[in-house]
Amino acid sequence: MTSWLFPPPPTPSLPIVGTRDRFPVRRILCVGQNYAAHAREMGSDPSRPAPFFFSKPADALVVEGVDPTYPAATADLHHEVELVCAVGEGGGIVGWAVGCDLTRRDLQAAAKAAGRPWDAAKGFDQSAPCGGLTLGALPDPAAAIRLEVNGVARQTGRLDDMIWSPTEILAKAGELWSLRAGDLIFTGTPEGVGPLLAGDRVVATIDGLSPLAFTVRPR
Ligand code: MN
């Protein structure tokens, strides 16, 4: 009689470094163009007055140890290494991780040209690889942030190159949404974004945080 019913899907979660606990993920917000050099490489003015946001579904999360599959409908998948902030009870940042904002750049360019939303370019399946969560204060606010593909450096920057700090991003996001425990915020990427191919090995690091590594699986 109720054969259409199904169990609720599992809650995506991140491992918490140094514990057996997991951080349940409620929502993923992302900041666009938060490093001046990347804003310039995307053809924008880095002196823009306020950060802007887009989102990915929570189930786009890919945890460490899982290899994402090269997505459908693109011929230009890009990597974007990012510092990820985790929101705890009370609405503050309780932890940090290394993330990769995978982007279908060709679909994003088409959406920008048409003035349309970015969902298909940014919020697709397995678009949010993220390493383990380190609790506490950010180990080093000036830490290096890097991404290499097949052992070759592609992105290199420093967290203090951000236009908007994590605290400022949290405040701005809080004006737009009720932030709750379980929310993740991807805080933007430094310059050097570029294409990934099936078989590529990606290693993303931020000094003091658990690294993120994955191989892009062929479709
Ligand atoms: Mn990004």
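This is a predicted model: local features need pLDDT of at least 70, side-chain atom pairs count only at pLDDT 80 or more; totals for chains, interfaces and linings use all residues.
Residues are numbered from 1 along each chain as its sequence is written, and side-chain values use heavy atoms, with hydrogens and water left out.

Helices (H or I, at least four residues) and strands (E, at least two) are taken as DSSP runs numbered from the N terminus, and two strands are treated as paired if DSSP finds at least two bridges between them. An open sheet is formed by four strands in the order β13-β12-β16-β17, with antiparallel pairing. Its edges are β13 (152–158) and β17 (212–215), each of which pairs on one side only. On average, neighbouring strands of this sheet are turned by 10° against each other, direction ignored; the axes are lines fitted to C-alpha atoms, for helices over the stretch in contact, and angles run from 0 to 180 degrees between N-to-C directions. Within the sheet, β12 (residues 144–149) is joined to β13 by six bridges in the antiparallel sense. Across this pairing, Leu 147 faces Gln 155 of β13.

Five of the six residues of β3 are buried (under 20% relative accessible area; exposed is over 50%, partly exposed in between; 1.4 Å probe, protein chains only), so β3 is largely enclosed by the rest of the structure. The strand has a parallel partner in β14, with four bridges, and Cys 30 stands opposite Phe 186 of β14. An antiparallel pairing over five bridges links β3 to β4, where Ile 28 is opposite Lys 56.

Contacts (heavy atoms within 4.5 Å) of Asn 34, not counting residues up to four places away in sequence, are made with Asp 161, Met 162, Ile 163, Trp 164, Ile 169, Thr 187 and Gly 188. Thr 134 belongs to strand β11 (residues 134–135) and is likewise buried, at 16%. Leaving aside neighbours within four places in sequence, Thr 134 contacts Val 17, Val 94, Gly 95, Trp 96, Leu 209 and Ser 210.

The manganese ion has Glu 80 (OE), Glu 82 (OE) and Asp 101 (OD) as protein donors, at 2.0 to 2.1 Å. Donors are N, O and S atoms within 2.8 Å of the metal (3.2 Å for Na, K and Ca); water is not among the atoms, so sites may look incomplete. Along the chain the donors follow the spacing E-x1-E-x18-D. Glu 80 is buried at 4% relative accessibility, and Glu 82 is buried at 0%.

Zero disulfides (pairs of cysteine sulfur atoms within 2.5 Å) are found in a search of the whole structure. Cys 85 is in no disulfide, the nearest cysteine sulfur being that of Cys 130, 10 Å away. For Cys 130, the closest cysteine sulfur is in Cys 100, at 10 Å, which is too far for a bond. Cys 85 is buried, with a relative accessible area of 2%, and Cys 130 is buried at 0%.

Three aromatic pairs are present. Rings of Phe, Tyr and Trp (its six-membered ring) pair if their centres lie within 6.5 Å; planes under 30 degrees apart count as stacked, over 60 as edge-to-face and the rest as tilted. Phe 53 and Trp 177 are edge-to-face, with ring centres 5.5 Å apart and planes at 85°. Because Phe 53 lies in β4 (residues 52–56) and Trp 177 in the loop between α4 (166–176) and β14 (183–186), this pair ties together parts 124 residues apart in sequence. Phe 53 is buried at 15%, whereas Trp 177 is partly exposed at 29%. Phe 54 and Trp 118 form a tilted pair, 5.6 Å centre to centre with 55° between the planes. Phe 54 lies in β4 and Trp 118 in the loop between α2 (105–114) and α3 (119–122), so parts 64 residues apart in sequence are tied together. Phe 54 is buried at 10%. Phe 52, Phe 54 and Trp 118 form one aromatic cluster.
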